[in-house]
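Here is a quick tour of one fold, written for someone who likes to have the geometry spelled out. Have the viewer open and follow along.

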Amino acid sequence: MMKRILVTGGAGFIGSHLCERLVNEGNDVICLDNFYTGAKENVWHLIGRPNFEIVRHDVCQPYWAEVDEIYNLACPASPIYYQNDPIQTTKTSVFGAYHMLGLARRTKCKILQSSTSEVYGDPSVHPQPESYWGNVNTIGLRSCYDEGKRCAETMFFDYHRLHGVRIKVIRIFNTYGPRMAQHDGRVVSNFIMQALRGEDITIYGDGQQTRSFQYVTDLIEGMVRMMNSGDDFQGPVNIGNPGEFTMLELAEKVIAMTGSKSKIVFRPLPSDDPKMRRPDITLAKAKLDWEPKVKLDEGLAKTIEYFKGTLK
């Protein structure tokens, strides 16, 4: 049965892949975006489809529509963008959650919050299970994003307890793939663009800090499964790839796969940058029968190919 689905932040990197999946499944999709970090180019191929519409709107302001489901993705997700206007970042997370929860309450629809692994901060528990409360600096440069997302989770569960809103909360770990912005400061896009241009590849710190990267289609599958899961499971649930590697290993792999002559250079580690990040996905396996399928080499090859096409 066709559903009318609202995707906030729908023209962003992840949002555009979600819109594409939902449109292709025959749903009527409203893509809401203020284009601060999203881009029309990301959904250009969907414009003109009869079951897709795009609306310029900021979720810091109320929005009204009759919908069956809401995916709330609106918020800058890379440090360069969310630190550029930290007050707006916090407002987007908190007011955006407030307005979308109000819409979900009025329409009695199901709503999914795209939270983040950043709620765990610089973790003292590894890997990170959903039961871990985190180690977050409340007043640092990254706090606008970390604390904004933590507050949004609080509001989601309070709306569920007080008003019976049907909520779903996922915590997204590092994700990569086509349609990442070239200059968003994220490590995969940084490394690939530097390698393709033959520039020095910049590693912050000693390169031994670890990350776990999932390919975007794996994330979208996890999001859809969470939305379609029973009302007895609200989350939060980790959606990420537990395959862990160092930043130095990633840089070396990108150089090899692009055939680049780039050299690796080291710079000081930014403030509050986590030293390690890896999801415990036991809950996602048990509740959603979900785990990532795309191997790093396969996903990187597709992402490199995409970025080659963006070079001027």
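The buried residues of helix α6 pack against β7 (175–176), β8 (201–204), α8 and α10 (296–310). Keep in mind that this is a predicted model. Which residues of α6 are the buried ones? They are Val187, Val188, Ser189, Phe191, Ile192, Met193, Gln194 and Ala195. Just past its end, Gly198 adopts a positive phi of about 70°.

Now take one of those neighbours, α8. Two packed helices are described by the angle between their axes and the distance between the axes. For α6 (residues 187–196) and α8 (residues 247–258), the axes come within 9 Å and cross at roughly 40°. An angle between 35 and 65 degrees is neither roughly parallel nor roughly perpendicular, which makes α6 oblique to α8. The crossing of the pair is right-handed.

As for who touches whom, α6 brings Val187, Val188, Phe191, Ile192, Ala195 and Leu196, and α8 answers with Met247, Leu250, Ala251, Val254 and Thr258. Sorted by class, that contact holds ten nonpolar residues, one polar residue and no charged ones.

Seven strands form an open sheet in the order β3-β2-β1-β4-β5-β6-β11, and the pairing is parallel. At the edges stand β3 (52–56) and β11 (237–239); each has a single partner strand, so one side of each is left without a neighbour in the sheet. From one strand to the next, the twist averages 20°.

Zooming in on one pair, β1 (residues 4–8) and β2 (residues 28–33) run parallel and are joined by five bridges. What is the bridge partner of Thr8 in β2? That would be Leu32.

| Helix | Strands touched | Direction angle |
|---|---|---|
| α1 (residues 13–24) | β1, β2, β3 and β4 (69–72) | about 170° with β1 |
| α4 (residues 86–107) | β1, β2, β4, β5 (110–116) and β6 (166–172) | about 175° with β4 |

Note on methods: Residues numbered from 1 in each chain as written. Predicted model: local features only at pLDDT ≥ 70, side-chain atom pairs only at ≥ 80, totals over all residues. Heavy atoms only, no water. Pairing = 2+ DSSP bridges. Helix = DSSP H or I, 4+ residues; strand = E, 2+ residues; numbered from the N terminus. Axes fitted to C-alpha atoms, helices over the stretch in contact; angles between N-to-C directions. Contact = heavy atoms within 4.5 Å. Parallel < 35°, antiparallel > 145°, perpendicular 65-115°, else oblique. Left-handed = near helix turned anticlockwise from the far one by under 90°. Nonpolar A, V, L, I, M, F, W, Y, C, P; charged D, E, K, R; others polar. Buried < 20%, exposed > 50% of the residue type's maximum accessible area, 1.4 Å probe, protein only.
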